[in-house]
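Hi there,

Here is the structure I promised to pass on to you. Have a look at it first, and then read my notes below.

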Amino acid sequence: MDKWVPLICIIFSAILVLVAYSLWNLNITDASDNTIKKGLQIKGDSIEDIFSKHKILLVPGHDLENYGAKFNDLKEEEINLELSKIIYNLFEKDERFDVFITRNENGYTKEFSDYFTNQKEEIDNFIYENKEKTRDSYRNGEFEPVRVVEHNLAAKDVAFKLYGINKWVNDNEIDLVVHVHFNDYPRDNMDIAGKYNGFSIYIPSNNLTGYDGAKKIAKNLRENLGKFFNESNLPVEKDIIIKNSDLIAVGSNNTITNSIPILVEYGYIYEDIFYREDQRVGNLNKAAYQTYDSIRKNLTN
Ligand SMILES: [Zn+2]
């Protein structure tokens, strides 16, 4: 009998070790789950938050190759970028948003320049197919173009980039796209400030995607910008919020499938409040904050 005692002891000890190990293992699992949960709570980013962030794309109008309007030494692409960057910083600080921008001082960001190069054929097909579809529905009487204000047709390379941006917006499930511009109009002497001033907001026509959302945000933005800036007094812009089915930026040819696009002309490039450097920063800050605030209120409530 005595010789069994050590064996029983060994078996008993082994069982104890196994039980202890199992309990310890359970605890560890439990504890690490808590750590993960606590970690998420501390950061304020639950899994739901991460997936419900609103994605915003900012498109500073024009680029280094095609700078848009120009008044003396100020190019439109520069002031568009300056304002877009202020708007970008406001959204970046707000954890409810994921914000993207198409370009910086050096040109298109890597994301976009790579996209234009690597997706060249896909973008060309995307343009061709959507134009064909729109032409067919126009011929069948299912689509009526809406153009209150005529715009110059975009050159082919400009159109390629703008349609490319729309395709990127679809591929990346962007919720809202904001195109940032300053206005100008043809006159005898372009070196002298013109007689028009004030902002206007372009949205998709009611037969394009994003019309309802864009209209809501545009109404709010009109009120907010209106506290600090004049509304456009260019006769054809008298509606201030202008529906359009031809502007690529707001999804012409149905090229925006599930997003809200708006294009804001914040003012005329030669207006002192924007042209003069001593007034510019303060006014761009105001315009940026009103843009951020109008979008935030509409997307997060
Ligand atoms: Zn422009």
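Touching, or contact, here is when the C-beta atoms of two residues, placed from the backbone, lie within 7 Å.

Before going on, please note that this is a predicted model: local features need pLDDT of at least 70, side-chain atom pairs count only at pLDDT 80 or more, and totals for chains, interfaces and linings use all residues. Residues are numbered from 1 along each chain as its sequence is written.

Ile262, Leu58 and Val178 have the most contacts inside the largest nonpolar core, which has 59 residues. Such a core is a set of buried Ala, Val, Leu, Ile, Met, Phe, Trp, Tyr and Cys residues joined through C-beta atoms within 7 Å. Buried is 20 or more other C-beta atoms within 10 Å of a residue's own, exposed is 12 or fewer, and partly exposed is in between, with C-beta atoms placed from the backbone. Strand β10 (residues 260-268) gives this core its largest share, six residues. Helices (H or I, at least four residues) and strands (E, at least two) are DSSP runs, numbered from the N terminus.

Now to helix α5: Ile123, Ile127 and Asn130 are buried there, and the buried residues of α5 pack against α6 (156-171). The face turned away from that buried side carries exposed residues, including Glu121, Tyr128 and Arg135. Just after α5, Gly141 has a positive phi of about 75°.

Happy exploring!
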